[in-house]
Amino acid sequence: MNRETGIGKQMYDWAHDLFPVCRSITGDGVRSTLAYLKNIHPEMEIGSIKSGEKVFDWIVPDEWNIAEAYIADIDGKRIVDFRENNLHILSYSAPVNKKVPREELFEHLYTRPDLPDAIPYVTSYYSRNWGFCMSDKMKQELTDDEYHVFVDSSFTKGEMNYGEIFISGETTEEIVFSTYICHPSMANNELSGVVMATALAQFVKSLNKRKYSYRFLFIPETIGSIAYLSKHMSAMKRRTKCGFVLTCVGNEDHFSFMPSRTGNTYADKVALFVLSQSEKEFKKYSFLERGSDERQYCSPRVDLPIVSIMRSKYKEYKEYHTSLDNMGFITSNALKGTFDIYVKCIQVIETNEYYLSTTFCEPMLSKRQLYPEIGGQVKSDYVKLIKNIIAYADASMDMMDMSIVCQAKYEDLAEAVSLLVDKDLLQPFKR
Amino acid sequence: MNRETGIGKQMYDWAHDLFPVCRSITGDGVRSTLAYLKNIHPEMEIGSIKSGEKVFDWIVPDEWNIAEAYIADIDGKRIVDFRENNLHILSYSAPVNKKVPREELFEHLYTRPDLPDAIPYVTSYYSRNWGFCMSDKMKQELTDDEYHVFVDSSFTKGEMNYGEIFISGETTEEIVFSTYICHPSMANNELSGVVMATALAQFVKSLNKRKYSYRFLFIPETIGSIAYLSKHMSAMKRRTKCGFVLTCVGNEDHFSFMPSRTGNTYADKVALFVLSQSEKEFKKYSFLERGSDERQYCSPRVDLPIVSIMRSKYKEYKEYHTSLDNMGFITSNALKGTFDIYVKCIQVIETNEYYLSTTFCEPMLSKRQLYPEIGGQVKSDYVKLIKNIIAYADASMDMMDMSIVCQAKYEDLAEAVSLLVDKDLLQPFKR
Amino acid sequence: MNRETGIGKQMYDWAHDLFPVCRSITGDGVRSTLAYLKNIHPEMEIGSIKSGEKVFDWIVPDEWNIAEAYIADIDGKRIVDFRENNLHILSYSAPVNKKVPREELFEHLYTRPDLPDAIPYVTSYYSRNWGFCMSDKMKQELTDDEYHVFVDSSFTKGEMNYGEIFISGETTEEIVFSTYICHPSMANNELSGVVMATALAQFVKSLNKRKYSYRFLFIPETIGSIAYLSKHMSAMKRRTKCGFVLTCVGNEDHFSFMPSRTGNTYADKVALFVLSQSEKEFKKYSFLERGSDERQYCSPRVDLPIVSIMRSKYKEYKEYHTSLDNMGFITSNALKGTFDIYVKCIQVIETNEYYLSTTFCEPMLSKRQLYPEIGGQVKSDYVKLIKNIIAYADASMDMMDMSIVCQAKYEDLAEAVSLLVDKDLLQPFKR
């Protein structure tokens, strides 16, 4: 098994371990997930914000925990049981323990008639309800007049937790990766992002040299990013060079791209450049179709340079937010492919600079062993690339721009730039 | 008869009343036309500029009036008579009373061989001539050797008149509508604009609340706008938010658009936005094809933000500047349709603002009864629109921009913006 | 023979005279070429830079001269002789006089197997080698075991020469034409540019009035332009309004265009405007495909506004850099056509200005005899052009911009502008 297969398999295995945990935006499920990740990255810091704390326009909700939940028939036989699949319970369901007529029960059931075998994922964070989710097929079989509903859940003044890994580099400018840890048993839309962040943090730590610092956030979606921003917005605005929301990165599909609100940040540039260089086709969405934490990071006056490279985008695949988004829906191969794309993004970010030619006019390449000695004959592609880099090194283009103008692969260009810097023919230019 | 049909019919009736008047750039025809309009809008002020007064590069010409004009044959039978159609006389024709051989007469006749039944409209404001216009068919029948030509016209040191309706709003910024009152009996190219201005002034007066002030100008074309600008240019440049030349707005045809010289003024933006939202197709002309008072309003250093939404553009329909441009060529239905478009322009202008989101990150919609309580399910289009407005309210886009970005009808967007302002989630932003 | 045919024929004849000279980047061939040109333009100054002098990143090489060179067979029969075609010698070949086995000889032979009849042009300026160029067909016939190679060449501490014609105008702003004088017997890629510069200098001197000064440079390619820039860069940057590299301008083909590095200089604008107005089709290359002295003139921080209008571009025709690029490959007709294009460029550069209308609103044309007296009739194209020029004369557009906006030929527009300046309706505007 080579290293490449290795990291895909590793990510898949982590997701497999975390799959059964019943996560929500608060509670024990979040904490056990973070504990698992801290085992991999011991420097992870676990943050907490108290229930009831005001975070911008929102209030951190009470902590929710659940021990047991089922619907039983007249004979006490459990028809739906939370132990079998934690999607069965409406997330943040209030406790209940009573007999209810079928009509009343039905008002508290959520199904997907268009996907009769799927259990949907439904939440009611900010309004007290009780409820169950099940396959529409199962619902059709509920013909008794009365059922026993039992939910043993609790709301307590506790805290909302999140994890944070900070890896310092030569500068305080940061690359941010944000993913979320608030969904119960779903694979692509939740765990793929969590394990991708975990693997990328490993990769970043393995680098001998880092120009930038890196921050990995494992937070509850929406309320978590809002809460985090309410504490750290000005520091993030000051430090963030670019960032990515990691979500839906594990299924076999072409890549898709969610831009920032303005579509013209450095993150947009890097992501589109890497996708264009690496992929024959990918789908570019509009910010109108946003749906994850870019909603907060890119909101007016927050304006962080954060985008998302995904496989099948949330809301755009039928398994989304159902029990069909399970461990069979993601693959170690797809995870590995996405990992490679993000690694390319990191490599571009780490190496990208503006350069200025050190000489006036073309330098004499032959005295530096950069030129064939007999002139007038066809030049090699490599000499052409070197001459083009020098010709365009006017401090107005970064290496991505040069790569596009010179029609060269970024890797080839970066290698040639490095050689020319060694030969004192180029110097980096701070803008 | 509903209100909509009402205003179209009303405009048609006014045009019908004004059709027989023999207007030119000066004289009794202009004054009687303005008197008729002042009867509808008593606050109209009638302005005057003396004959011989220098206005920029021009001189206001002597006042011209005409009592009678005809061509008679040897037997005294009137072959062409001004009383039958005031287009028969060359506008600003000098007086004449003599017998002339046919050859000489022919040098003073104007016809349209391409439209043998039409009497053309011809003028000679700045060069003394006498002349008659007639159908080419009629000209072919003139076989006598000699004719009697009689024109009882006069040139006097009088004045050039124009009408002006000013309707004040909350601010001194003005919306300008300019139309002209110098053509004799022609319907689309003259009276349609006059009655449109009259109806729009009624509409503006009927508004409970006006952010902007409105100015309606009824002036002779070219010399009138030059004279008006020579008196008021700096005030107009200071106050005019946007404006429209009203002409050729009454026939059944798609809409057409004449941009300002630069094509990027606020008037261009409003007109193109409203046309794009309302019409499946419309024709966009180049400023090279200009022909009415935008020639003056958009001239270099005058540079007013003034455009024109028309039906068939002047010079682009065969009836133009002939007796075929008569009351049968315009319809109350077409007038009503154009009225609606200009009303939409006014509504956009009155409501359009830049907005800034008041919260950092997304606001919590559910606590304001703006969000469905059960999450994870498909959201309504209305909630999407609200979230999109807030997401893009970064003070860089006005409501037209937002309407385009959010792919929403302006009316829907304006209603949602209004709700969000009431909920303190948006605030207007002055730029 | 009319003047037009005249200049084409004249250029062809000059090229014919210069064709046999064995030029290189230094030596007697350059000096005799410059002497010939100084005979035509006695004010030409002959410049020199000493061998060994450092010019930016380069060193001026020793002067190279050659008296005789041949390959003889065992019997002393000359198989290849420099006297027959000066392309036979590797330019800057070191002296040699010895018997060599065929295998060793073959390491010093240059041929073009893809063009078996052509002698290629090969150089070794900066690395001491000896070598011969010949047709591949001839090489195939070399079956002896041993040959006698003889090169009587010399390297001396001498100088590198160039020619410069300066023609002063009303201002110190300069138009630069640069061509090169370093290739042996080749017609399109060398002499066509030399004779074009010579003819254009004659044309410029013949002008009664020159707004701009003109500088014609006859320099060795690459090392010559680098050396010239090393002496004059700041003056050139201060004074150069625009410039052109003259090369490959003599064969029968469509025109082609080499932009500056940025592609948006005044030279790019003039060249593309003239080509677009004059030619149904022409080929626009990318700066990636550059190959002559624009490599130096447009290098970062040199940044001169210099482009090239060619016929078949260097490297893009099969005869390039071979004995097939001979006097049969260029024609007086093609030279004349290119001359006409450059003359148009000069005429545009000399006349082009920004203009501002002197009046507010439209001026009264009729009092200046610029307008038909009878209004309401169709206007002539000329009146339309005059009105359009005045309508757009807002000091934001130069005459090329106006020509495009007004859809008028530059010549027609320039004539109308001149009339309007005479009538005090336009004034030039300095930007």
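The model is predicted. Chain A has twelve helices and 19 strands. Of its 431 residues, 61% count as buried.

**Chain A overall**

- The C-alpha trace of chain A spans about 95 × 40 × 40 Å along its principal axes.
- The accessible surface of chain A is about 16900 Å². Carbon and sulfur atoms hold 49% of that surface.

**A residue in helix α6: A:M236**

- A:M236 sits in helix α6 of chain A, which runs over residues 223–239.
- A:M236 has a relative accessible area of 4%, so it is buried. The cut-off for buried is under 20%.
- Beyond its neighbours within four places in sequence, A:M236 touches A:V176, A:L217, A:Y228, A:L229, A:Y297 and A:L304.
- One of these partners, A:Y297, is 61 residues from A:M236 in sequence. In space, their C-alpha atoms are 9.7 Å apart.

**Helices α5 and α9 of chain A**

- Helix α5 of chain A covers residues 187–206, and helix α9 of chain A covers residues 332–351.
- The two pack at an angle of about 45°, and their axes lie 10 Å apart. That angle makes α5(A) oblique to α9(A).
- The crossing of α5(A) and α9(A) is right-handed.
- From α5(A), the contact residues are A:S192, A:V195, A:M196, A:A199, A:L200, A:F203 and A:V204. They meet A:L335, A:T338, A:F339, A:Y342, A:V343, A:I346 and A:Q347 of α9(A).
- Eleven residues in this contact between α5(A) and α9(A) are nonpolar, three are polar and none is charged.

**Helices α10 and α12 of chain C**

- In chain C, helix α10 (residues 381–392) packs with helix α12 (residues 410–422). Their angle is about 70°, with the axes 10 Å apart.
- Angles of 65 to 115 degrees count as roughly perpendicular, so α10(C) is roughly perpendicular to α12(C).
- α10(C) contributes C:Y382, C:L385, C:I386, C:I389 and C:I390 to the contact. α12(C) contributes C:D412, C:L413, C:A416, C:V417, C:L419 and C:L420.
- The contact of α10(C) with α12(C) has ten nonpolar residues, no polar residues and one charged residue.

Definitions and conventions: Residues are numbered from 1 along each chain as its sequence is written. Chains are lettered from A and ligands numbered from 1 in the order in which they are written. This is a predicted model: local features need pLDDT of at least 70, side-chain atom pairs count only at pLDDT 80 or more; totals for chains, interfaces and linings use all residues. Side-chain values use heavy atoms; hydrogens and water are left out. Axes are lines fitted to C-alpha atoms, for helices over the stretch in contact, and angles run from 0 to 180 degrees between N-to-C directions. Helices (H or I, at least four residues) and strands (E, at least two) are DSSP runs, numbered from the N terminus. Angles under 35 degrees count as roughly parallel, over 145 as roughly antiparallel, 65 to 115 as roughly perpendicular and the rest as oblique. A crossing is left-handed if the near helix is turned anticlockwise from the far one by less than a right angle, and right-handed if clockwise. Contact means heavy atoms within 4.5 Å. Ala, Val, Leu, Ile, Met, Phe, Trp, Tyr, Cys and Pro count as nonpolar, Asp, Glu, Lys and Arg as charged, and the others, Gly among them, as polar. Buried means under 20% relative accessible area, exposed over 50%, partly exposed in between (1.4 Å probe, protein chains only). Accessible areas come from the Shrake-Rupley method with a 1.4 Å probe; for residues, only the protein chains shown count as cover.
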